[in-house]
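Look at the sequence and the model first, then work through the points below.

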Amino acid sequence: MAVQWISKQEAQKLGEREERVLLEQTPGHYPEFEDFIGKELEKKGGRLFFRGVSGAVYSVGRLPEGDPDELRGVEVSVRTVAEGRMPSAETMDLDLWPFLEWLMEGIDGEWTLKALRQTGAIYRVPGAPERA
Amino acid sequence: MEIPQHVREIFPFQSRWMEVEGRRLHYLDEGKEGNKPTVVLLHGNPTWSFLYREIVPRISHKCRAVALDYAGFGLSDKPLNERWYTLENHTGIFTEFIERLRLKKVILVVQDWGGPIGVGFAMEHPDRMAGMLIMNTWAWPEPSLFHASVLPWRMMHAPFVGAHFFLRRNILVERGLYLSTENREKLKAGAVLDGYRLPFSSPESRIGMLAFPRNIPLKPGDLNWDRMAKMKAALPSFRFPCRLLWGEKDNVFPSENAHKFQEMLPNCTSPRMIPHGRHFIQEDAPVEIAEEILALVDAWGE
């Protein structure tokens with residue numbers, strides 16, 4: 001399933017509170033990933049928003065400078081209304097899968113959707129096909 | 001961190017602690033030194049001293065056996081910054097650990113990342129070395145076919161994919177151990193898998209696991225290429241006795257690696273091949289590993 005991008009305005013209507021669910025500290029480990037995500041963030045003013053399969057809303061952006069643990073990188077956070085409940089870990093894992101597929105489709109080259117799906121199948125990651 | 005009773009039953013050792021460079025490290029220290037070298041057991045990824053639970057009791061009646069959990073692994077402190085986890089830092093902490101224990105002569109037992117850490121130590125401290133048992137590992141910059149391939153290795157730790165697979169899903173413990181062990185019935189038993197899971201209960205506790213694959217050099221200029229080239233160059237200068245034991249069904253480090261070590265090491269036995277053994281050879285051949293360690297211990301001083 002393709003990732004469902006939404007606007008910042010729509011994301012703001014759906015949630016105020018953010019909680020980090022994924023942190024990539026070295027997006028440049030393979031430079032093509034850093035290049036791709038950097039360009040996509042730049043196009044959208046530094047933050048991307050998508051709706052997961054479950055309906056939950058996520059944002060993608062760089063960690064702000066001054067992190068108390070001096071961490072750097074790109075984070076994915078789930079947005080919820082102030083009193084809202086977080087989706088379950090399993091739900092969020094399923095929601096994150098289309099985001100990974102989007103990365104593969106954008107980066108291309110040796111990083112293929114087929115290789116992602118096969119690797120996900122071997123390690124039984126939610127969202128990956130059972131057999132790729 | 002409390003070790004639950006059902007895990008404690010198969011891991012009945014006293015936990016010991018040492019602070020090194022501001023980090024609290026956990027280790028085992030069993031048996032008595034006597035007039036023999038101390039056996040130091042080095043684990044790999046995603047394991048900890050628990051990996052040697054079936055080997056320590058088989059050797060500690062004859063020698064002192066020490067097993068360290070690296071920073072980021074087992075019950076040791078786990079830095080949150082992925083950039084901290086370099087081969088240089090792991091080797092530096094291990095070296096300081098050996099210094100602080102005042103171990104004059106050691107026999108290193110290495111597998112997986114224990115190889116580069118142990119060989120790095122031996123290269124810098126040949127006077128401390130009384131022997132080495134080398135199992136399913138590497139110590140040169142050229143990557144194995146497995147490490148060079150996108151499917152599945154490079155994909156599983158690629159940016160974002162690795163953060164999801166390793167940190168959120170804990171795939172190395174939940175699936176990798178199972179796939180890379182022949183004795184799978186043992187792994188399915190609750191206490192064994194729970195023992196491996198125990199110290200890696202949150203995404204933040206698994207950062208060291210993700211950093212190790214990102215430390216594997218693939219080409220000149222990569223992190224650790226030069227360091228591992230120095231190791232390769234140093235192997236022919238190792239005069240201390242070495243033994244090789246190899247799981248033949250390991251698809252990470254194939255049998256050719258064992259023969260490559262044998263060709264480069266001047267004082268090394270022929271590899272003892274374990275036909276049914278996979279990558280986590282400590283789970284598949286603990287008796288044979290103990291025999292090889294004791295052969296090095298017994299030969300000391302002869």
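**Two helices in chain A**

A:E32, A:F33 and A:F36 in helix α2(A) meet A:L103, A:G106 and A:I107 in helix α3(A). Two residues are in contact if their C-beta atoms, placed from the backbone, lie within 7 Å. By class, this contact has 4 nonpolar, 1 polar and 1 charged residues. This is a predicted model: local features need pLDDT of at least 70, side-chain atom pairs count only at pLDDT 80 or more, and totals for chains, interfaces and linings use all residues. Residues are numbered from 1 along each chain as its sequence is written, while chains are lettered from A and ligands numbered from 1 in the order in which they are written.

**How the helices cross**

- Two packed helices are described by the angle between their axes and the distance between the axes.
- Helix α2 (residues 31-43) and helix α3 (residues 89-107) of chain A have axes that come within 10 Å and cross at roughly 100 degrees.
- That makes α2(A) roughly perpendicular to α3(A).
- Angles under 35 degrees count as roughly parallel, over 145 as roughly antiparallel, 65 to 115 as roughly perpendicular and the rest as oblique.
- Axes are lines fitted to C-alpha atoms, for helices over the stretch in contact, and angles run from 0 to 180 degrees between N-to-C directions.
- Helices (H or I, at least four residues) and strands (E, at least two) are DSSP runs, numbered from the N terminus.
- In chain B, helix α3 (residues 87-100) packs on helix α4 (residues 114-124) at an angle of about 60 degrees, with the axes 9 Å apart.
- α3(B) and α4(B) are therefore oblique to each other.
- B:L87, B:H90, B:T91, B:F94 and B:T95 in α3(B) meet B:P116, B:I117, B:G120 and B:F121 in α4(B).
- The residues of this contact are 5 nonpolar, 4 polar and no charged.
- Ala, Val, Leu, Ile, Met, Phe, Trp, Tyr, Cys and Pro count as nonpolar, Asp, Glu, Lys and Arg as charged, and the others, Gly among them, as polar.

**Where the chains touch**

- The contact takes 20 residues from chain B and 26 residues from chain A.
- On the side of chain B, the elements that give two or more residues are α6 (150-156), α7 (161-168) and α8.
- The residues of that side of chain B divide into 13 nonpolar, 2 polar and 5 charged.

**Buried helices in chain B**

- In α7(B), 8 of the 8 residues are buried, so the helix is largely enclosed by the rest of the structure.
- A residue is buried if 20 or more other C-beta atoms lie within 10 Å of its own, exposed if 12 or fewer, and partly exposed in between.
- The cover over α7(B) includes β2 (17-24), α3 and α4 (113-122) of chain A, together with α6, α8 and α11 (207-214) of chain B.
- In helix α10 (residues 190-197) of chain B, the buried residues are B:V192, B:G195 and B:Y196.
- Seen down the axis of α10(B), these fall within an arc of 95 degrees, so they line one face of the helix.
- That arc is taken from the directions from the helix axis to the C-beta atoms.
- They pack against α1 (5-8), α8 (171-179) and α9 (184-188) of chain B.

**Backbone exceptions**

- Most residues other than glycine have a negative phi, and most peptide bonds are trans.
- A:D108 has a positive phi of about 65 degrees although it is not a glycine.
- A:D108 lies in the loop between α3 and α4 of chain A, and is exposed, with 11 other C-beta atoms within 10 Å.
- B:F160 has a positive phi near 70 degrees, and its place is in the loop between α6 and α7 of chain B.
- With 24 C-beta neighbours inside 10 Å, B:F160 counts as buried.
- The peptide bond from B:N45 to B:P46 is cis, with omega near 10 degrees.
- B:P46 is in the loop between β3 (38-42) and α2 (56-59) of chain B.
- The peptide bond from B:L151 to B:P152 is also cis, with omega near -5 degrees, and B:P152 sits in helix α6 of chain B.
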